[in-house]
Amino acid sequence: MIAPDRVLGAASAVDHALSGVYGQVKRLERGDPEEGGTMADVSAAQQEIWALLREMRAAMRADLGVSDGTGSVSA
C-alpha cells in the first residue's frame with residue numbers, strides 16, 4: 001500500500017484545477033473574464049486536467065493494488 005498522501009495530493013491537484021476552470025467559465029458567463037481568460041484558455045486548462053486525472057487514477061490504483069489494465073499493478 002502506498003502512502004495516502006500521494007492519493008490525497010493527486011486528488012487535491014484535480015480539485016484545484018477543476019475549481020479554477022469552473023471559475024474561468026463562470027467569469028466568462030458573467031462577461032467579466034480575467035486578463036487572458038478566453039474560451040481557448042478554458043479549453044487548454046480543461047485538457048491539462050486529463051493528465052492530472054490519469055495521475056490520480058494511477059495513485060488510487062497503486063494504493064489499492066489494482067491492475068492498471070495491462071496486467072501489472074500500478075506503482
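A: Helices here are DSSP runs of H or I, at least four residues, and strands are E runs of at least two, numbered from the N terminus. Keep in mind that this is a predicted model, where local features need pLDDT of at least 70, side-chain atom pairs count only at pLDDT 80 or more, and totals for chains, interfaces and linings use all residues. Residues are numbered from 1 along each chain as its sequence is written, and side-chain values use heavy atoms, with hydrogens and water left out.

Q: What does the secondary structure of the chain come to?

A: Two helices and zero strands.

Q: How far apart are the end C-alpha atoms of helix α2, and what should its residues span?

A: The expected span is 1.5 Å times one less than the number of residues. Helix α2 covers residues 39–64, so its 26 residues should span 38 Å; the end C-alpha atoms sit 37 Å apart, which agrees.

Q: Which residues of α2 are buried?

A: Buried means under 20% relative accessible area, exposed means over 50%, and partly exposed is in between (1.4 Å probe, protein chains only). In α2 the buried set is V42, A45, I49, M56, A59, A62 and D63. L53, also in helix α2, is partly exposed, because its relative accessible area is 27%. The C-alpha atom of L53 is separated by 8.9 Å from that of A13, 40 residues away along the chain. Over the chain's 75 residues, buried ones make up 19%.

Q: What share of contacts join residues at least 24 apart?

A: A contact means heavy atoms within 4.5 Å. Taking contacts in the chain between residues at least 6 apart in sequence, 50% join residues at least 24 apart.

Q: How many salt bridges does a search of the whole structure find?

A: The criterion is a side-chain nitrogen of Lys or Arg within 4 Å of a carboxyl oxygen of Asp or Glu. The search turns up two. One links E29 to K26, with the closest N and O atoms 2.9 Å apart; R27 and E34 meet in a salt bridge too, at 3.7 Å, N to O.
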